Amino acid sequence: MKIGFDAKRITHNSTGLGNYSRFVVNILSTFYPENSYYLYSPSKGKERLRGQIKAHSNIFFRYPLGIAKTLKSLWRSYGIISDLQKDRIEVFHGLSNELPFHLKKKNIKSVVTIHDLIFIRYPEFYKPIDRHIYTYKFKKACQNADVVIAISEMTKQDIIRFFKIPEKKIKVIYQGCDPSFSRKVTLQEKQSLKEKYHLPDKFILNVGSIESRKNLLLIIKALKYADYPVPLVVIGKPTPYIKQVEQYLQKNSLQSQVIFLHHVPFTDLPGIYQNASLFIYPSFFEGFGIPILEALASEVPVIAATGSCLEEAGGPGSIYINPRDEKQLAEKINEVLSNPELSQKMIETGKDYMQNFSAKTLSDQLMEVYMNL
């Protein structure tokens, strides 16, 4: 089978959508090597991101040629169709919420992955023009696709509720995380990372864009009430929200308890996770929550927030708190850090739960969708 993918995120995005897209292509090319996988990107993007795609002989990158190079957005929406026909693509998968137009007219079966509809649930976090564009593109993709993949039950229900897409057309297939997080990092590697980033012996970890929706301020407020003065390490891209965080830290004399790391290479992340004592992810709303899987795979206990789909990501072994209650979070931090038996139980339960997100399981589910089409 010849399967095409919208690969813009593969070549251009180092986080969320990019990680998902690279994960999908890598597991499919590994477990189903008999197929051919064509990755269509508007440009070559970043070499280090392309390098994260496994060098399999069944993977082919495709870029716009001729005048299409200067009309990249139009190529993704329209011009790509002629390239799909030349390559005789049988199924095209839009990995990041959108699809080219007119696939049906050319008898190319299509699948789209919808990650979340946060821009509808929480419009205050988005510019009006962005909300309008996202709503149009996402809804159109859902209507035109032969199959819609939702990355969580929460996202599935939102697609039905907001876009009126028939339930029978939607299939929930979870995301996975990069296998590197499951690999045991050596003591020497862990020590090297501690020295490189000046990490303390014990620390709480938070990973994700530093924006208001991710709710970093809740963790910092909880530090005031925690019995254990364990530092917080924050890894993520800063947004204007970080000024609010810094003002709170200064006002409450907590600067020494928080370490910000903004440009951490992906290859260093597993070792940093495995150095952590506790991972906290108090986001108000997520489509799924890949950092939680990364923590579970790294054998770190997890505290996350209720209110979206984080329970789906964290499973029964993790602890969940109200994303607006810093005292409850502080109580749970104290509970985990003071109780090694509880911490170990959370780790073991998390390892068992991670079987639901194994590369083989998810590749089988994806291939079943393509084969049925």
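**Meeting the second largest pocket**

Biologist: How do the residues of the lining of the second largest pocket divide by nonpolar, polar and charged?
Modeller: This is a predicted model, where local features need pLDDT of at least 70, side-chain atom pairs count only at pLDDT 80 or more, and totals for chains, interfaces and linings use all residues. Numbering runs from 1 along each chain as its sequence is written, and side-chain values use heavy atoms, without hydrogens and water. Counting Ala, Val, Leu, Ile, Met, Phe, Trp, Tyr, Cys and Pro as nonpolar, Asp, Glu, Lys and Arg as charged and the others as polar, the lining divides into 15 nonpolar, 9 polar and 6 charged.

Biologist: What volume does this second largest pocket have?
Modeller: A pocket is an open set of 1 Å grid points where a 1.4 Å probe fits, with protein on both sides within 12 Å along at least five of seven lines; lining residues have an atom within 4 Å of a point. Here 30 residues line the pocket, with Phe181, Leu296, Ala297, Ser298 and Glu299 nearest its centre. Its volume is about 520 Å³.

Biologist: Which helix gives the most to that lining?
Modeller: Helices are DSSP runs of at least four residues. H11 (269-275), H12 (290-297) and H15 (340-353) each supply at least two lining residues. With 4 residues, the one giving the most is H15.

Biologist: Is Val24 buried or exposed?
Modeller: Val24 sits in helix H2 (residues 16-31). Buried means under 20% relative accessible area and exposed over 50% (1.4 Å probe, protein chains only). Because its relative accessible area is 1%, Val24 is buried.

Biologist: How far apart in space are Val24 and Gly350?
Modeller: In sequence, 326 residues separate Val24 and Gly350. In space, C-alpha to C-alpha, they are apart by 22 Å.

Terms used:
Points joined across faces, edges and corners; volume = space filled by probe spheres on them.
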